[in-house]
Amino acid sequence: MQKMRVRNHQVVLNRSVGGDAGIFTFLIIMGAFMFLPMLYVIMQSLKPLDELWMFPPRFYVVHPTFKNFQDLFTLLSDSWVPFSRYIFNTVFITFMGTFGNLLLSSLAAYAISKIPFPGRKGMFWLIQRSLMFTSTVTAIANFITLSTLGLMDNPFALIIPAWGSSMGLYLMKQFMDSSISDSVLESARLDGCSEFRTFLTIAMPMVKPAWLTLIIYSFQGLWNTGASAYIYSEQLKTLNYAIGQITAGGIARAGASAASSVVMMIVPIGVFVISQSNIIETMASSGMKD
Amino acid sequence: MENRNENLQDVEAVEIQSGEAVNADEQIHSDSILEAEAPKKKAKKVKKKATARKDMTRAQWTWHEIKRNKIAYVMVAPFFLVFLLFTVFPVGLSLVLSFTNFNMLEFKWDMFIEIKNYTRLFFEDDIFILACKNTLVFAAVTGPVSYVLSFLVAWFINELSPRIRAIVTLIFYAPSIAGSVYLIWGTLFHNDSQGWVNGMLIKMNIIDTPILWFYDEKYAMTLCIVVALWMSLGTAFLSFIAGLQTVDKSLFEAAAVDGIKNRWQELWYVTLPMMRPQLMFGAVMSITGAFGFGGVVTNLCGFPSVNYSCHTIMHCLEDYGNQRWEVGYASAIAVVLFLIMIGANTIVNKMLSKVGQ
């Protein structure tokens with residue numbers, strides 16, 4: 001019998017040393033490709049003016065400063081719509097959209113997953129297919145729908161479509177299929193618990209990881225809402241749009257623009273760091289059966 | 001009153017038959033509905049009395065089940081209302097509009113001008129043909145590469161310890177959620193000597209005038225593909241990481257006993273077949289990502305890009321839909337894009353069903 005290879009005090013099967021080394025090298029190179037641009041943004045945002053414009057450009061920063069962040073906030077507070085208004089708009093859209101999506105999708109996911117009503121297979125089939133209906137395809141028709149409904153120039157033009165996003169429902173339903181056993185629900189129903197109460201008090205606490213995942217998906221989409229064809233009043237525009245205007249100020253604002261990228265990325269990345277294990281747990285059941 | 005009693009018996013019979021109790025609320029609710037509809041129901045009495053599945057036709061059974069689970073319809077209704085209105089209906093509306101020359105500016109309809117929009121797309125619009133070509137090249141490179149890359153990275157890091165795996169996951173996943181950070185590629189590849197890449201090349205005496213990068217036909221497309229790949233380790237990647245952790249470890253031991261010799265054989269014969277559901281899901285995500293990649297190109301290369309070198313179907317859509325407001329024509333473009341995506345998905349599903357055989 002050949003000698004077993006041991007790694008981390010565990011026997012590993014079918015893993016050659018050469019292969020491990022190759023994979024390690026591959027991961028380092030790919031990791032550098034992914035990480036260096038991110039690092040460069042952070043470096044740019046910390047560079048003082050003379051380092052931003054030195055030739056040849058230097059990757060790293062020698063005298064880090066927070067001046068760019070100060071500039072960013074000065075620039076933002078100079079705009080004729082108060083900066084706080086943009087923040088409010090983004091937070092409002094993100095919160096309302098995420099909350100509505102969570103509520104509607106989890107209700108629907110529960111019914112589709114746990115109540116054997118006729119038509120649920122067809123509904124879920126449609127949900128699966130709709131994961132491919134990107135916003136590029138639906139944008140034009142939605143413009144017509146929203147203007148017919150009189151929702152133009154209203155934050156709800158961004159919020160209501162987010163409620164019907166099928167990604168959250170898909171993940172939630174798949175997670176419920178694999179993590180809630182029917183017998184628990186059955187016994188609750190036998191004890192005279194209504195479907196709504198079963199949903200709220202028994203099913204929902206069992207799918208906390210899926211909530212978080214849904215919240216984060218919805219949040220990421222809405223947080224990055226930029227200029228939109230549905231909104232034209234300046235006081236209704238979003239933070240991402242306002243920051244985009246700073247960046248559009250051109251070359252003189254290279255520092256402030258890097259700072260704005262850093263500010264905008266901190267929130268979604270921070271949220272992901274906190275919730276990573278829950279997201280991975282949800283994703284374990286994300287697979288599609290034919 | 002007599003009627004009511006009958007109904008009650010009915011409901012009870014249904015309960016006993018299906019082996020589960022309906023709560024008191026619902027019973028009262030269904031009673032009142034039945035009471036209100038009592039005169040109409042008289043005719044259908046035979047149907048209602050029949051409670052065992054074998055006594056009913058398929059349609060009767062379905063109707064019976066629908067009534068029994070009506071609470072479920074209440075639960076799915078709000079979501080489906082919004083979902084149908086903003087996700088499914090637009091596809092149908094686009095299909096209808098694509099046969100008209102509806103124009104938002106004049107708001108005039110000229111219904112059913114037949115397939116004029118489509119003939120114009122494929123025979124008269126050179127830019128659309130170019131955009132189709134660009135989109136297909138773009139999707140054919142970014143889609144499969146990002147898919148394979150997502151899987152390989154997920155598979156490689158699967159054997160790391162959980163803590164390190166979490167950090168590596170973050171490094172690879174972060175670009176896809178970091179919003180506008182991709183603009184840094186514009187700074188790295190800036191078109192004057194202040195750009196980091198140009199600066200380095202000039203310093204090393206490889207070039208003496210700065211290269212225009214994103215504004216040069218020769219490089220723009222390649223660079224956009226690189227940026228797309230950089231941002232593409234998203235949902236599919238997470239799904240793969242999670243799926244790999246659920247594969248039963250004892251299968252690997254069994255496989256080793258059965259004569260699997262190296263990690264690649266193990267991947268092909270054990271891991272991939274176990275991962276098929278995630279692979280399907282990841283494919284849908286990758287296809288959507290590869291075909292929906294327009295805004296990033298606009299922000300890096302400008303709109304329209306130099307000599308339409310990066311003009312994609314999304315840009316045509318944007319052009320006709322949001323700038324010229326020729327909604328009928330834009331809808332035809334949307335329909336073509338949609339069909340291409342469905343086609344790509346069908347092909348990928350066929351290919352995935354061959355995995356591990």
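The model is a predicted one, in which local features need pLDDT of at least 70 and side-chain atom pairs count only at pLDDT 80 or more, while totals for chains, interfaces and linings use all residues. Residues are numbered from 1 along each chain as its sequence is written, and chains are lettered from A, with ligands numbered from 1, in the order in which they are written.

The model scores ipTM 0.87 and pTM 0.83. Chain B has an average pLDDT of 80, with 82% of its residues scoring at least 70; pLDDT is the predictor's confidence in each residue, from 0 to 100. Residues 1–48 of chain B stay under 50. Where pLDDT is low, the predicted coordinates should not be read in detail.

Chains A and B meet through 82 residues of chain A and 94 residues of chain B (contact means C-beta atoms, placed from the backbone, within 7 Å). On the side of chain A that touches chain B, helix 1 of chain A gives the largest share, 13 residues. Helices here are DSSP runs (H or I, at least four residues), numbered from the N terminus. That side of chain A splits into 55 nonpolar, 23 polar and 4 charged residues, where Ala, Val, Leu, Ile, Met, Phe, Trp, Tyr, Cys and Pro count as nonpolar, Asp, Glu, Lys and Arg as charged, and the others, Gly among them, as polar.

Then there is the largest nonpolar core, with 151 residues. Such a core is a set of buried Ala, Val, Leu, Ile, Met, Phe, Trp, Tyr and Cys residues joined through C-beta atoms within 7 Å; buried means 20 or more other C-beta atoms within 10 Å of a residue's own, exposed 12 or fewer, and partly exposed in between, with C-beta atoms placed from the backbone. Among the residues with the most contacts inside this core are A:Ala108 and B:Cys224. Beyond its neighbours within four places in sequence, B:Cys224 touches B:Val297, B:Leu300, B:Cys301 and B:Cys310.

Helix 6 of chain B (residues 70–97) kinks by about 45 degrees at B:Phe89, shortly before the proline B:Pro90; the bend is the angle between axes fitted to the seven residues ending there and the seven starting there. Its buried residues include B:Phe79, B:Phe83 and B:Pro90.

Over in chain A, A:Pro48 sits in the loop between helix 1 (17–46) and helix 2 (49–52). A:Pro48 is partly exposed because 15 other C-beta atoms lie within 10 Å.

Terms used:
Contact = placed C-beta atoms within 7 Å. Helix = DSSP H or I, 4+ residues; strand = E, 2+ residues; numbered from the N terminus. Expected span 1.5 Å × (residues − 1).
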